[in-house]
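Dear colleague,

I am passing on the structure we spoke about, and below it you will find notes on what came out of the analysis. Please read them with the coordinates open beside you.

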Amino acid sequence: MTGAKRKKKSMPWSKMRMPRCEDFKQWCRRRLPILEWATHYSLKESLLPDAVSGMMLAVQQVAQGLAFAVLSSVHPVFGLYGSLFPAIIYAIFGMGRHVATGTFALTSLISANAVERLVPLSSQNLTTRSNTSVLGLSDFEMQRIGVAAAVSFLGGVIQVAMFVLQLGSATFLITEPVVSAMTTGAATHVVTSQAKYLLGMKMPHISGPLGFFYIYAYIFKNIKSVRLEALLLSLLSIVVLVLVKELNEQFKRKIKIVLPIDLVLMIATSLTCYCTNMENTYGLEVVGHIPKGIPPPRAPPMNLLSAVITEAFGVALVGYVASLALAQGSAKKFRYSVDDNQEFLAHGLSNVIASFFFCIPSAAAMGRTAGLYSTGAKTQVACLISCIFVLIVIYTIGPLLYWLPMCVLASIIVVGLKGMLIQFRDLKRYWNVDKIDWGIWVSTYIFTICFAANVGLLFGVVCTTAIVIGRFPRANTLSTKNMKEMEFKVKTEMDDETLQRVKIISINNPLVFLNAKKFHNDIMNIIQKENTGNQPLDEIRKYEQSTLVSSLSGICNEEATQPCLSPKCSLILDCSGLTFSDYTGISMLIEVYMDCKNKSVDVSLVHCAEFEHDQ
């Protein structure tokens, strides 16, 4: 008896096997995506477009790096470092092949709250410039970047911890309307924070609840202190940037290389400011001294971690959500997959490692990612090439940017946020699809501008989840129906009658953000299982009953070994049980249709009357 027990207990150990070399290689490919795409990289087809995209991206990285460093309340040179190291790290660990990681407006704004709170501007007089300090900067500047680096470090640690806990699977709670409203509200915050540079005003740092409104109250109260020269230069810069970028977008198919208007504007205004001595003559604020080179790495001040935990959580969540949306968008556009958990690891390491090189918090930016689209980038090689040009700027060109006016940098920031600001246009789509999503968008936006991006994000997630939970009990789901195997005669355009196999799938639940992703996966898995054609019908039915959707039809051909879904086949989605859907559900239906179309599968929707009436 005892021997039998011992034998029974030892059985699990006998099933265990030692890790093989193939398992290690597979793990490396999964955690180091660069090994996956780099081995298939085509120098002939991809190198030239990646090189052109890399040069264009470098211009944006430099301009936005300087601008977002100022937005983060640190010296502009640290923005150049933030445009270099996170991009390299993400290229190794990230799965978004068309995502441009670096300095980011939203994370910079969150970081600025910690910097201004712990190292306020009033303490600048207590510090002096020290030649023994890093790059010859004052102790005040080093204290400020220490706070920003601590926020970056702790934010990255939080993201890595979320990767370890596999919380990427919970991102389905963050719907597209919530992300759109949060990023639009945060972009409005960033534009507001740049108002003092656009107007040439001296203004104290204002943050906290309702800080958005206090800033405009201060501006109107001190409207007489606006510098006309800064205002005119800002308006001129914005007009030129918008006009040239629109022309670049319109004629991008006719011209191979777009005009790098950001770089041209920076050079032109710097030369003009230098020749006319605008800094002294008109009191125009300029970027100032930018030291050469990269300092040796230094650990962030660990004693500040407890003081910046609020900002760190904001950076971790807001940065990840905005970056994941861009990665998923690029994956959908160019037909590859993105692992939500792997993105947690990639952005976490981009923040943790970069914090040792005096970098501000990083994330993917919409403007730079859109730039990669428009210039025809193929892979992350474009980002790596851009890092080479950023290095050249750091070691050679950086000091020449001394005379760059701050109002021009602010104009570059505002125009760079255009992609986020025009998301107001999404309101019409949300209203047409689901008015509840429209209400969630508006309320999330209001919470974001009244409080902060992380507060708006949290409100949007809680509000969306509560509303969906409230709507689910009213859903009239249908019981599974059985159909016999049948042959359908289909009349083609050539008047030929052919046997076409039809698979009918019943959607027995509301299609919302909670189950939209699983709905897509279930549909694709059913098609994949039927394509194998090697499994018994009973096994397929058992699988389908455990999925969100229920398969209703059989195979029309009697040959069991032939796949169900051939080039001549149809998929019918019975929407009788689809009593309501939100915007995410409708988007997923469209994605299912496009994916099936690519697999030569015709998709039709039937019994949509109740669903349409509900909308």
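Arg-117 and Glu-311 form a salt bridge in this predicted model, with their closest N and O atoms 2.6 Å apart. The pair links distant parts of the chain, since Arg-117 belongs to helix α7 (residues 105-118) and Glu-311 to helix α15 (residues 309-334), 194 residues apart. Arg-117 is partly exposed at a relative accessible area of 44%, whereas Glu-311 is buried at 8%.

The count of salt bridges comes to 8, and two others among them deserve a mention. Lys-245 and Asp-262 meet at 3.5 Å, N to O; Lys-245 lies in helix α12 (residues 228-250) and Asp-262 in helix α13 (residues 261-276), so this pair ties together parts 17 residues apart in sequence. Here Lys-245 is partly exposed at 29% relative accessibility, while Asp-262 is buried, with a relative accessible area of 5%. Arg-429 and Asp-426 form a salt bridge at 2.7 Å, N to O, and both sit within helix α21 (residues 426-433), 3 residues apart, or about one turn of the helix.

As for the chain overall, it has 27 helices and 7 strands, and buried residues make up 52% of its 615 residues. Its accessible surface comes to about 29,800 Å², of which 63% belongs to carbon and sulfur atoms.

Best regards

Conventions:
Residues are numbered from 1 along each chain as its sequence is written. This is a predicted model: local features need pLDDT of at least 70, side-chain atom pairs count only at pLDDT 80 or more; totals for chains, interfaces and linings use all residues. Side-chain values use heavy atoms; hydrogens and water are left out. Helices (H or I, at least four residues) and strands (E, at least two) are DSSP runs, numbered from the N terminus. Buried means under 20% relative accessible area, exposed over 50%, partly exposed in between (1.4 Å probe, protein chains only). Accessible areas come from the Shrake-Rupley method with a 1.4 Å probe; for residues, only the protein chains shown count as cover. A salt bridge is a side-chain nitrogen of Lys or Arg within 4 Å of a carboxyl oxygen of Asp or Glu.
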